[in-house]
Amino acid sequence: MSQAKQSRPSAVILGAQWGDEGKGKIVDVLSEKFDIVARYAGGHNAGHTVIIHGRKFVLQLIPCGVLRPGCRGVIGNGVVLDPMAFLAEVKKLRDAGLPVEGGANGQLVVSNRAQVILPYHRMIELAAETAPGRQTIGTTRRGIGPAYEDKIHRNGLRVIDLLNPSILRTHINNACHEKNTIAHALFGTEPLDPKQMYEDYARAAEQIAPFVADTAVLLNDAITAGQNVLFEGAQGALLDIDHGTYPFVTSSSSTAGGAVTGTGVGPTRIGTVIGVTKAYVTRVGEGPFPTEIDDHAGELLRARGQEYGAVTGRPRRCGWLDLPLLRYSNMINSTEWLVVTKMDVMDECAEIPVCTGYKIDGKVTDVIPADVRGFKSIQPVYTTLPGWKSSTEGITEYDKLPKKAQAYLEFIENESGAKIGMISTGPDRVQTMLQPGFAEMLG
Ligand code: GDP
Ligand code: IMO
Ligand code: MG
């Protein structure tokens, strides 16, 4: 396969923190500049909110690019696909008037190599999360972890197998026998019925079939033909299975490397990496959070930022911007550009503390502890910047931002080592500004 020179670069876009940074909104804005948006990891644990002229969409499995006419969405092999969640999402988008079709020239394509989530994955996860004595992760309970477990164990069902009734029947029978036995023995769970499961999933498979293709070939051919791809990350860098705050992480490679393994497009064909960071930090579920705020200021951020899970509705924990974490995230992803979202949420803060280093055993360091227990001994070192105390909501020109808001952004840029390419001042597509170098880079 020849590798023609690309006119416009492909890019990975990912969450630089613990998820919910506003990736959905930013992917939607940038999809104008890309031919294809490809999801590379995670599943319907994600909730990506897009607001287009007041109309709200929350996408979970389907890449945000499908909302843009002319842009194709690809669900890559690194994703774990729940067939029922996928079909429900397709239906929701169609009901909203969007032409979400499969087929050779359709807007949406699913990898034949993506792994399938089945009901026993949810059963096992629910039982494990609630079992006495087990470490609770605070998962989304969508069966994500157990589905990736089966993948790595070489025991999973891939989309290509879902489409083959005889393989599907055998797989469901064997898996149900095994999982029912384990879940009952360990957690006392009631068994699932393989016959009913086969009937439901064989029916779902027929509806999914038109969307399925070899997406590694599709993406590489598209790039060779001069098209560009935006690789859409889910979750965030610190939720990555290798690089995150293990074990309080998700079960996939949400960092930039995941874009390569999760789609079958090699690193030399990807031009740049864009990290999305909030102007502060949030986290959902359990796990360390050095800059978490447990007073009124945290409640203010939660209220102003509407920090509740896009899908689960769980309140998000809120904290001040953590630069050691952002620098680490930029390092492991080779992040070149940053997008700073939710600037408007800080409009009422009189002062804004920013964590510039970690003090561990009296020494200031930038090193993130590998051992999650090590986070307990971190004392964040803060620099307090003045708040701007005026509205930035909806501002679309950098020069119109209050000078103190500009100073806040310049501080982040200088300290994080990545260039700020884009700033978001509200949830709607239009409440955005692109910085000159970034817009030129995207072409
Ligand atoms: P994702 O998972 O990274 O796509 O983020 P979520 O959609 O889960 O959460 C981000 C939330 O912030 C959504 O409700 C967005 O509509 C909202 N949002 C995104 N950018 C901005 C912004 O600049 N300002 C405000 N106020 N809200 C934003
Ligand atoms: P988006 O793409 C925030 C968190 C869960 C839990 C941990 C493991 O919307 O940013 P899982 O169900 O994946 O096994 O849960 O990861 N988590 C997220 N947090 N945003 C997400 O996605 C998340 N996806 C998973 O809360 O702590
Ligand atoms: Mg989200």
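Q: How do the residues of the shell around ligand 2 divide into nonpolar, polar and charged?
A: This is a predicted model, where local features need pLDDT of at least 70, side-chain atom pairs count only at pLDDT 80 or more, and totals for chains, interfaces and linings use all residues; side-chain values use heavy atoms, leaving out hydrogens and water. Residues are numbered from 1 along each chain as its sequence is written, with chains lettered from A and ligands numbered from 1 in the order in which they are written. Asp, Glu, Lys and Arg count as charged, Ala, Val, Leu, Ile, Met, Phe, Trp, Tyr, Cys and Pro as nonpolar, and the others, Gly among them, as polar. The shell around ligand 2 divides into seven nonpolar, 10 polar and three charged.

Q: Which residues come nearest to ligand 2?
A: Ligand 2 has 20 residues around it, each with a heavy atom within 4 Å. Those that come nearest are D20, K23, H48, T140 and T250.

Q: How far is an oxygen atom of ligand 2 from an N or O atom in the side chain of H48?
A: Polar contacts here pair N or O atoms within 3.5 Å. Backbone atoms take part: a polar one of G138 is 3.4 Å from a ligand 2 oxygen, and one of Q235 is 2.8 Å from a ligand 2 oxygen. For the H48 side chain, the distance is 2.7 Å.

Q: How much of the area that ligand 2 exposes alone does the protein bury?
A: Areas are Shrake-Rupley values with a 1.4 Å probe. Ligand 2 taken alone exposes 550 Å². The protein buries 98%.

Q: Which element gives the most to the shell around ligand 1?
A: The shell around ligand 1 holds 18 residues, with K23, G24, T49, D344 and S424 the closest. Strand 3 (48–52) and helix 1 (23–30) each supply at least two residues. The most, three residues, come from helix 1.

Q: Which residue places an N or O side-chain atom 2.9 Å from an oxygen atom of ligand 1?
A: R316 has a polar side-chain atom 3.0 Å from a ligand 1 oxygen. E21 uses its backbone, with a polar atom at 3.1 Å from a ligand 1 oxygen. The side chain at 2.9 Å belongs to D20.

Q: What share of the area exposed by ligand 1 alone does the protein bury?
A: Taken alone, ligand 1 exposes 580 Å². The protein buries 92%.

Definitions and conventions. Polar contact = N/O pair within 3.5 Å; in protein donor to acceptor, adjacent residues only side chain to side chain. Helix = DSSP H or I, 4+ residues; strand = E, 2+ residues; numbered from the N terminus.
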